Number of protein chains: 2
Amino acid sequence: MKNNTEDRKPLILVTNDDGFSAGGLRKLIEVARKIGKVVVVAGEKSMSGQGHAITITTPLRIKTICKEPDYEEYVCNGTPVDCVKLGEQVILNGKPDLLVSGINHGSNASINVIYSGTMAAVLEACIDFIPAIGFSLLDYGHDADFSHVDSILESVIKKVLGEGLPTGVCLNVNIPAKSETPIKGVRVCRQAQARWVEEFDTRIDPRGGDYHWLTGKFENDDHDEETDQWALENNYVSIVPVQYDMTAYQAIDLVEKWKLELNHR
Amino acid sequence: MKNNTEDRKPLILVTNDDGFSAGGLRKLIEVARKIGKVVVVAGEKSMSGQGHAITITTPLRIKTICKEPDYEEYVCNGTPVDCVKLGEQVILNGKPDLLVSGINHGSNASINVIYSGTMAAVLEACIDFIPAIGFSLLDYGHDADFSHVDSILESVIKKVLGEGLPTGVCLNVNIPAKSETPIKGVRVCRQAQARWVEEFDTRIDPRGGDYHWLTGKFENDDHDEETDQWALENNYVSIVPVQYDMTAYQAIDLVEKWKLELNHR
């Protein structure tokens, strides 16, 4: 789908990491179609926990699911980052006005941003100078209830389309699970300094071999009101502006003072 | 291997993303063994471009390759991040004094940090409060020449073991490929704002179906002398202090000014 400049409708590329059949993707498509022309490129299967993985040792294939005047949908065998690359380079052959990813079934707040395929797609678009937003719901269920998210998605998407985002910055939006208490509002936050503490579930297979299932519990000691975790625990939508520049600027001086020298041999 | 506090030798966990047979891993092990007790946990196969992927839908298995008093080596079927998690939780059942990852066959400077399995392992250790360093050589060859890197690795590893690193900060060390010109020295840098521009190589299979190989070229418009790209192009080792807090603090005010509100229904 080409974006005609005379056409006022923005072109929105949609992807996710839970695969094309996920309820969260379907809700995001529904909202995006109210706002613009939509092209979906999603993975055939769930790619949760794939981080910023790319596919370099196997070829990528794309299947066309539907092609209507203002709506196209494709699935591929790649990761969320591959979906963005294929969307731009093979399907659109150009840049969309916006990339939205999600709605993830489960939180991408705090340290989850680093493991998240949803946010990897967002960062990939951001690297390519495309305004990009990731949406996640704090409900891991396959049948998660997305009925309360429409106005949140609409307002963030419209704002970013209208105002743009600074170069190198994208948004990580997390939404509390549906509950009896209405969401209190929106808070712009920093990423909480929490982490997953692994607990492998070690078992013995029928042939006597050990195997290990990765499990873990989320540990948060960072209860600052400025964090995304605080916002979500207090029933606010959290928005963290995210960047892909991972330089720890505050540590440059310290490492410089080490005066590391090479011992040429 | 337990780390006995009466024993002065530091315990070093070693991993990589090119798989256990890679020359870069073998060089890193050789240097690490001169400095401390070493436990290697590497992947059975290459995991290049796996980013911060974790394995959650298949069980992980570990094979013991060797077990000597000051040296143990294991391979597993997981990603680099899984290797760190298994190393800590299943093999060591505790934290090493240091995690080193690499030596990667190919650059992890600039935006490569975000796709890199090598650096994902480093970030994973950093999240768990383990001092961690990633090493990469600017030579993608399977038979890359690592004969000039010993003193660089030794000096960085010893410094980090001696001085530690600030919480939430790890190091991304990139080393120029071996050439006739000796390396000029070490520069502490920021991550250059470069990116990969994808160029899919689209082909037709014998059954008539399209498939796409991901290829791309590296584009750098950021020629600042403070960047890792500048350092490497000018034959310096680059060290970028890296953090996993991806918050774009400079954009928080801007997004707050949008005063996003929810339209409760």
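Predicted model: local features only at pLDDT ≥ 70, side-chain atom pairs only at ≥ 80, totals over all residues.
**Stop 1: two asparagines in chain A**

Select A:Asn93, in the loop between helix H2 (80–92) and S5 of chain A. A:Asn93 has 10 other C-beta atoms within 10 Å, so this residue is exposed. Its phi is near 50°, a positive value in a residue other than glycine.

Next select A:Asn235, in the loop between helix H6 (228–233) and strand S13 (236–243) of chain A. Is A:Asn235 buried, exposed or partly exposed? A:Asn235 has 14 C-beta neighbours inside 10 Å and therefore counts as partly exposed. Phi of A:Asn235 is also positive, near 65°, and again the residue is not glycine.

**Stop 2**

Go to strand S5 (residues 98–105) of chain A, where A:Ile103 lies. The peptide bond that runs from A:Gly102 to A:Ile103 is cis, and omega is near -15°. Now switch to chain B, where B:Ile103 sits in strand S5 (residues 98–105). B:Gly102 and B:Ile103 are joined by a cis peptide bond too, with omega about -15°.

**Stop 3: the two chains together**

Show both chains. Which rotation superposes chain B on chain A? A rotation of 180° does it, with 0.0 Å of shift along the axis and an RMSD of 0.0 Å. This is the relation of a two-fold axis. Both copies use the same surface, since 100% of the contact residues of chain B recur in chain A.

Colour the contact itself: 72 residues come from chain B and 72 residues from chain A. On the side of chain B that touches chain A, the elements that each supply at least two residues include helix H2 (80–92), helix H3 (117–127), helix H4 (150–163) and strand S13 (236–243). H4(B) gives the most to this side, with six residues. By class, the side of chain B that touches chain A has 41 nonpolar, 18 polar and 13 charged residues.

**Stop 4: B:Met246**

Select B:Met246, in the loop between S13 and H6 of chain B. B:Met246 has 22 other C-beta atoms within 10 Å and is therefore buried. Which residues does B:Met246 contact, leaving aside its neighbours within four places in sequence? They are A:Val113, A:Gln191, A:Val242, A:Gln243 and A:Met246. For a distance check, pick B:Leu262: B:Met246 and B:Leu262 are 16 residues apart in sequence, and their C-alpha atoms are 26 Å apart in space.

**Stop 5: helix H3 of chain B**

Select H3(B). This helix is mostly covered, with 11 of its 11 residues buried. Among the buried residues are B:Met119, B:Leu123, B:Glu124 and B:Cys126. Just after H3(B) comes B:Phe129, which takes a positive phi of about 65°.

**Stop 6: a pair of packed helices**

Two packed helices are described by the angle between their axes and the distance between the axes. Select helix H1 (residues 23–35) of chain B together with H4(B): the two pack at an angle of about 45°, and their axes are 10 Å apart. H1(B) and H4(B) are therefore oblique to each other. Their crossing is right-handed.

Show the side chains where the two meet. H1(B) brings B:Leu28, B:Val31, B:Ala32 and B:Ile35, while H4(B) brings B:Asp150, B:Leu153, B:Glu154, B:Ile157 and B:Lys158. This contact of H1(B) with H4(B) has six nonpolar, no polar and three charged residues.

Definitions and conventions
Residues numbered from 1 in each chain as written. Chains lettered and ligands numbered in written order. Contact = placed C-beta atoms within 7 Å. Helix = DSSP H or I, 4+ residues; strand = E, 2+ residues; numbered from the N terminus. Nonpolar A, V, L, I, M, F, W, Y, C, P; charged D, E, K, R; others polar. Buried ≥ 20, exposed ≤ 12 C-beta atoms within 10 Å, placed from the backbone. Least-squares fit on C-alpha atoms with pLDDT ≥ 70 in both. Axes fitted to C-alpha atoms, helices over the stretch in contact; angles between N-to-C directions. Parallel < 35°, antiparallel > 145°, perpendicular 65-115°, else oblique. Left-handed = near helix turned anticlockwise from the far one by under 90°.
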